[in-house]
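Please examine the model below, with attention to its ligand sites and backbone. The paragraphs that follow lead through these topics in turn.

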Amino acid sequence: MSDAKKAGVRAPSILEVDLEAFSIAMSYVEGDVARIRLDSMSDNESRETLTEIGRQIGALHEFGLVHGDMTTSNIILSKDTLPFILDFGMSAHSTDAEDRGTDLHLLQRSIFTSHTLDAKRSERIIHQGYIERLGNRQAGLSIRKQREIARRGRYFAIR
Ligand SMILES: Nc1ncnc2c1ncn2[C@@H]1O[C@H](COP(=O)(O)OP(=O)(O)OP(=O)(O)O)[C@@H](O)[C@H]1O
Ligand SMILES: [Mg+2]
């Protein structure tokens, strides 16, 4: 979480780490998880929010981090609808296309399964923000991997 903030990603601030109690105190982000807000947004609002989510993931990846559990339940939209990324329990230092593609894939899957939003449109918009941050070449590698991971999932689902 602290590295994500160094990457310029919006995330809660760590206030205190208690090694004996195994606890972390972090700042409370006012707002609602994206899962319950995204579907009631106007097209313009969802476009802005999804682009910004793509940028945030791009910033994380550019810094050499991956989230590992990138779903719309782990993103809080603040009152001004700025996305904050939460739940870094599965995150890691990695620049591996497989790990980056997994972040994009998990997010896309959560949009597809828990939202009424147009999933294809959402994916395109997220990619726009992602490419903006990471550049065409790097982003292209992750996006190709994302597609490959999605194909693998379908293959197993059919069998
Ligand atoms: N810093 C925070 N500010 C506001 N709400 C938070 C914050 N951290 C967590 N939450 C709320 O608590 C929920 C669960 O947090 P988090 O995802 O970090 O825990 P988790 O144990 O991984 O839970 P889950 O298994 O549901 O993902 C979030 O979806 C969010 O609603
Ligand atoms: Mg969570």
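The shell around ligand 1 consists of seven nonpolar residues, three polar ones and one charged residue; here Ala, Val, Leu, Ile, Met, Phe, Trp, Tyr, Cys and Pro count as nonpolar, Asp, Glu, Lys and Arg as charged, and the others, Gly among them, as polar. Its members are Pro-12, Met-26, Ser-27, Tyr-28, Val-29, Val-33, Ser-73, Asn-74, Ile-76, Leu-86 and Asp-87, a residue being near the ligand if one of its heavy atoms lies within 4 Å of it. This is a predicted model, in which local features need pLDDT of at least 70 and side-chain atom pairs count only at pLDDT 80 or more, while totals for chains, interfaces and linings use all residues. Residues are numbered from 1 along each chain as its sequence is written, chains are lettered from A and ligands numbered from 1 in the order in which they are written, and side-chain values use heavy atoms, with hydrogens and water left out.

A nitrogen atom of ligand 1 lies 2.9 Å from a polar backbone atom of Ser-27, and a nitrogen atom is 2.8 Å from a polar backbone atom of Val-29. At Asp-87, a side-chain N or O atom is 2.5 Å from an oxygen atom of the ligand. Ligand 1 taken alone exposes 600 Å², of which the protein buries 50%; accessible areas come from the Shrake-Rupley method with a 1.4 Å probe.

Strands are DSSP runs (E, at least two residues), numbered from the N terminus. Asn-74 is buried at 8% relative accessible area, whereas Asp-87 is partly exposed at 37%; buried means under 20%, exposed over 50% and partly exposed in between (1.4 Å probe, protein chains only).

Most residues other than glycine have a negative phi. Phe-22, however, has a positive phi of about 55°; it sits in the loop between β1 (14–18) and β2 (23–26) and is exposed, at 79% relative accessible area. Thr-81 has a positive phi near 60° and lies in the loop between β5 and β6, where Thr-81 counts as buried at 19% relative accessibility.

Methods
A polar contact is a pair of N or O atoms within 3.5 Å; within protein, one must be able to donate a hydrogen and the other to accept it, and residues adjacent in sequence count only if both atoms are side-chain atoms. Helices (H or I, at least four residues) and strands (E, at least two) are DSSP runs, numbered from the N terminus.
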